[in-house]
Amino acid sequence: MLRDITLGQYYQADSVIHRLDPRVKLGTTIVFIISLFLFHTVWGYAVAALFLTLVIKLSKVPFKFMIKGMKAIVVLLLITVLFNLFLTPGEPLVQLWKITITREGLRTAVLLSVRLTFLIIGSSIMTLTTTPNQLTDGLEKMLRPLNKIKVPVHEIAMMMSIALRFIPILMEETDKIMKAQLARCADFESGNLIKRAKGLVPLLVPLFISAFRRANDLAMAMEARCYRGGDNRTKMKPLHYKKRDYLSYAVVVCYFVVGIAAEQLMPIVLNSVIK
């Protein structure tokens, strides 16, 4: 399961999406997430699915690799779907004993599961096609206006970059510790909830120690190299917009407009056709 977590990982490939400016990918991801919360019909999600399919195709990242990242949230997805399916009031469809499935609950559960799936895959594309250094530079560039109100933009961007970079490292460390403890006859799965929680102690203690040790080594390395953040630092690879970046912004705007139009117009068109 730990090896299936793709958040924070970078997939090396030569694609149009990989070559885009990180600010474009950050902005596109934000717009895509906002659109998912604005869409409430099948037509809006159909436009989102087409847009997401196009981006995945252009990124040259295998779809199976992205699906691996969904395994980590299957339990959360099931809990969300079941709560909406059984606890949403409305017109009853199926009734088993005291459990009632309503039409509104079924619709909400389906749309919410699709929304969550699209959100995870869309966010994964950004991290899979952008290195942590590029994400840091793009985020710092986008938030630079906040420097005028004394917001430490550089430090915030650097912390987010380090956090993303540490995710796969800590997952690999957890896997190694778990295998070492299993070789010593540790049990992480049997017993009740309290026993399982106690069984995680041999895993969590060395993991926290390893995480603090890595953080301390990183801090010492930065201090030894006289690292100082701020506006006076120069970039080895400065960010500059190119034609493909402006074209990408235009495509994102078109997607947003088409999605909103489909949300508003398609039900009207269908009603007129039926009548």
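I began with arginine 23, which forms a salt bridge (a side-chain nitrogen of Lys or Arg within 4 Å of a carboxyl oxygen of Asp or Glu) with aspartate 21, the closest N and O atoms being 3.0 Å apart. This is a predicted model, where local features need pLDDT of at least 70, side-chain atom pairs count only at pLDDT 80 or more, and totals for chains, interfaces and linings use all residues. Residues are numbered from 1 along each chain as its sequence is written, and side-chain values use heavy atoms, with hydrogens and water left out.

Next I looked up burial (buried is under 20% relative accessible area, exposed over 50%, partly exposed in between, with a 1.4 Å probe and protein chains only). Arginine 23 is buried at 9%, and aspartate 21 is buried at 5%.

How many salt bridges does the structure hold? I found five.

Another one joins glutamate 173 and arginine 214, at 3.1 Å from N to O. Glutamate 173 sits in helix α8 and arginine 214 in helix α10 (residues 201-224), so this pair ties together parts 41 residues apart in sequence. Helices here are DSSP runs of H or I with at least four residues, and strands are runs of E with at least two, numbered from the N terminus. Glutamate 173 counts as buried at 16%, while arginine 214 is partly exposed at 33%.

My last pair was aspartate 175 with lysine 179, whose closest N and O atoms are 3.5 Å apart. Both lie in helix α8, four residues apart, about one turn of the helix. Aspartate 175 is buried at 13%, whereas lysine 179 is partly exposed at 49%.
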